[in-house]
Amino acid sequence: MSGEWEGDGASFIERLRLKVFGPPRDVRDPGIFHKIALIPFFAWVGLGADGLSSSAYGPEEAFRNLGTHTYLAVFLGLATALTVFIIAYTYTKIIERFPLGGGGYVVATKTLSKGAGVVSGSALIVDYILTITVSIVSSTDAIFSYLPIAWEPGKIWVTAVLILLMVVLNIRGVKESITILAPSSSSSSRPTPYSSSTASRAGRESRERSSITSERASIPI
Amino acid sequence: MTGIGFLGMALIFLRAYSLGGGTYTGIEAVSNGMQIMRDPKVRNGKRTMAYLAVSLAITASGLLICYLLTRIAPEEGRTLNSTLADALYGGFGGVGKVLALVTILSEGALLLVASQAGFIDAPRVMANMAVDSWMPRRFADFSGRLTMRNGIVLIGVAAIALLVYTKGSISALVVMYSINVFLTFSLSEFGMVKHFILHRKDERIPLRSIAIQAIGFVLCALILILTVSEKFTEGGWLTLVITGLLILLCLAVKRHYEGVGAALKKLDSLVAAVDLEKGKGGAGKVDREAMTAVQLVSGYNGIGVHSFLQICSAFPDHYRNFIFVSVGIIDQAMFKDGESVPELLADVDASLRRYVKLARKYGYAAEGRSGIGTNVVDAAVDLCCRLHEEFPKSTIFSGNLVFSRESFLHRILHNETAFAVQRRLQWEGITNVVMPIRVR
């Protein structure tokens, strides 16, 4: 199937598309999920970085809001550390109870109600969109701290280009996008067998007619 | 410490504490992205969480103390962290400058990696919601769409839109961000408190756990309320509006699917009707060389019976054999429900037997073939290819929903499994007919 993309007859746009997004994957390749699923180390880098990186903008916002009362930073530091541990503790419990992931959406759906679930899920989706914007804006803020202040107007453009770059990397496949950004050290490690329940559940769900009235499809505790 | 009194000090502290809520964002990413953890998932997930908590607590509180100790003041066009890096390494001359630059550049790189969490987790939340019909089902079709191209593009476009709207102001963005994060935090923690209280006896949950969970909920709710009330006019309203619109959209999608489900239910009356019908009899054994209709079915229901009758009337006296194909989908959800693979196969085979009985009643030679897999398209195509070798004169039949007024929305909300199968089968040189299932 991939042959049709590589033919001489392919237009410039098609060849460009191939270069940027990578060749279309062979959907019949049984190893495809090994390639899409993340090697845990990269998953850890990708997911862990989200939490740690918030120290780039969180403490700053808190400190700026102390105004002249900077001495309160001592208590703020203690309260921050304590809060991190409490939230992490509660989320560890969530991982224990809901090991298939889904986080806030699944927790709210299963423990409260479907309505609470949809509120939590929608908030989460907007949350992740903001994760992207906030992280990349904060990243360019950091870099522009060392550039002349006259260049400041260019910041928003650089940010937009970086977001686009991330989109392109992700279309090439989740794995590659972290391998480019993280030091590659575990290329020899065994790929994880893909056991995501989303995909398999999705497979079942995608058969429209079987599932349309099925409640069983929801995520288990 | 004079002048404002204890109450004033407490208020300033609370305000700074809640507006610094951005610090805690991202802790939820691990629990949402569990699917990409290597087995044992729970242990790896908990370990990741522990590393994350320790590193974040040290970094965040350390930074706050350092800001205080170095007595730095915010500078125009610079982050506090870069000012801090300069202050800390300032005494080392040229080497110090390089060190500060390296520190901040690696911070920038870390942030870039962090943005990846959004791309990993957002499609997964969307997939989870799609499974429950809150989102277009095609978002659940992770395997079909490969890396969820559409979802990623959509998320990227939304991220850029937010960038443009806020003109890249980190303060405004962090406010919006923490409101959303703390909305899910509060709901999750409230849910967990409720769950713990309900199950404290049968799961033997120590009181301490419940107490920490409850404290967590109170803290999160407090930060949420303070941030919303403090920053409502500065982006707070916008994030609530965006999230509210998304919720409305989800409700509309769900309503549509439920409507279609109700319409399809009407077809089930066919099942009862054909059961009453008297058989023609005369069904023999399947003949490998005879014309064969292979019908993809899922469970014995009105839709399958409808398609069967349709094939009979569209191609009268054409086919001699009917082979029914059904795929059982294995997933962890199934194991959690206490259903085992043999049980799943037994379910699939039981419904296949009913189809075989039906076809025999109509005078056809019939058999059933069941398969098992994690992806319905893969498993179905695989079965069909093998069947086609066995029955060279076979045609594959599958069903697809058709609406009287097919709008743009229908095309988004209804995935085309039948067409995905068809594309693959046609590539293998196997004829596949997609039968319409009309939805009024």
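Modeller: In this predicted model, the contact you ask about brings B:V271, B:V274 and B:D275 of helix 10 of chain B against B:R354, B:L358 and B:K361 of helix 13 of chain B. By class, the residues of this contact divide into 3 nonpolar and 3 charged, with no polar residue among them. Helix 10 covers residues 269-276 of chain B and helix 13 covers residues 341-361 of chain B, and their axes come within 11 Å and cross at roughly 50 degrees. The handedness of the crossing between helix 10 and helix 13 of chain B is left-handed.

Turning to the charged pairs, side chains of opposite charge can pair when their charged atoms come close. A search of the whole structure, over all chains, finds 13 salt bridges. One of the salt bridges in chain B joins the side chains of B:E390 and B:R288, at 3.5 Å from N to O. This pair links distant parts of the chain, since B:E390 sits in helix 14 (residues 376-390) of chain B, whereas B:R288 sits in the loop between helix 10 and strand 1 (292-296) of chain B, 102 residues apart. B:E390 is partly exposed, with a relative accessible area of 29%, and B:R288 also counts as partly exposed, at 35% relative accessibility. Chain B holds another salt bridge between B:R369 and B:E367, whose closest N and O atoms are 2.7 Å apart, and B:E367 is partly exposed with a relative accessible area of 22%.

In chain A, the side chains of A:R64 and A:E60 meet in a salt bridge at 2.7 Å from N to O. These residues are 4 apart in helix 5 (residues 58-64) of chain A, which means that about one helical turn separates A:R64 from A:E60. A:E60 is buried, with a relative accessible area of 8%, while A:R64 counts as partly exposed at 36% relative accessibility. Finally, a network of salt bridges links A:K93, A:E96 and A:R97 with B:K46, and this network includes residues of chain A and of chain B.

Key: Residues are numbered from 1 along each chain as its sequence is written. Chains are lettered from A and ligands numbered from 1 in the order in which they are written. This is a predicted model: local features need pLDDT of at least 70, side-chain atom pairs count only at pLDDT 80 or more; totals for chains, interfaces and linings use all residues. Side-chain values use heavy atoms; hydrogens and water are left out. Axes are lines fitted to C-alpha atoms, for helices over the stretch in contact, and angles run from 0 to 180 degrees between N-to-C directions. Helices (H or I, at least four residues) and strands (E, at least two) are DSSP runs, numbered from the N terminus. A crossing is left-handed if the near helix is turned anticlockwise from the far one by less than a right angle, and right-handed if clockwise. Contact means heavy atoms within 4.5 Å. Ala, Val, Leu, Ile, Met, Phe, Trp, Tyr, Cys and Pro count as nonpolar, Asp, Glu, Lys and Arg as charged, and the others, Gly among them, as polar. A salt bridge is a side-chain nitrogen of Lys or Arg within 4 Å of a carboxyl oxygen of Asp or Glu. Buried means under 20% relative accessible area, exposed over 50%, partly exposed in between (1.4 Å probe, protein chains only).
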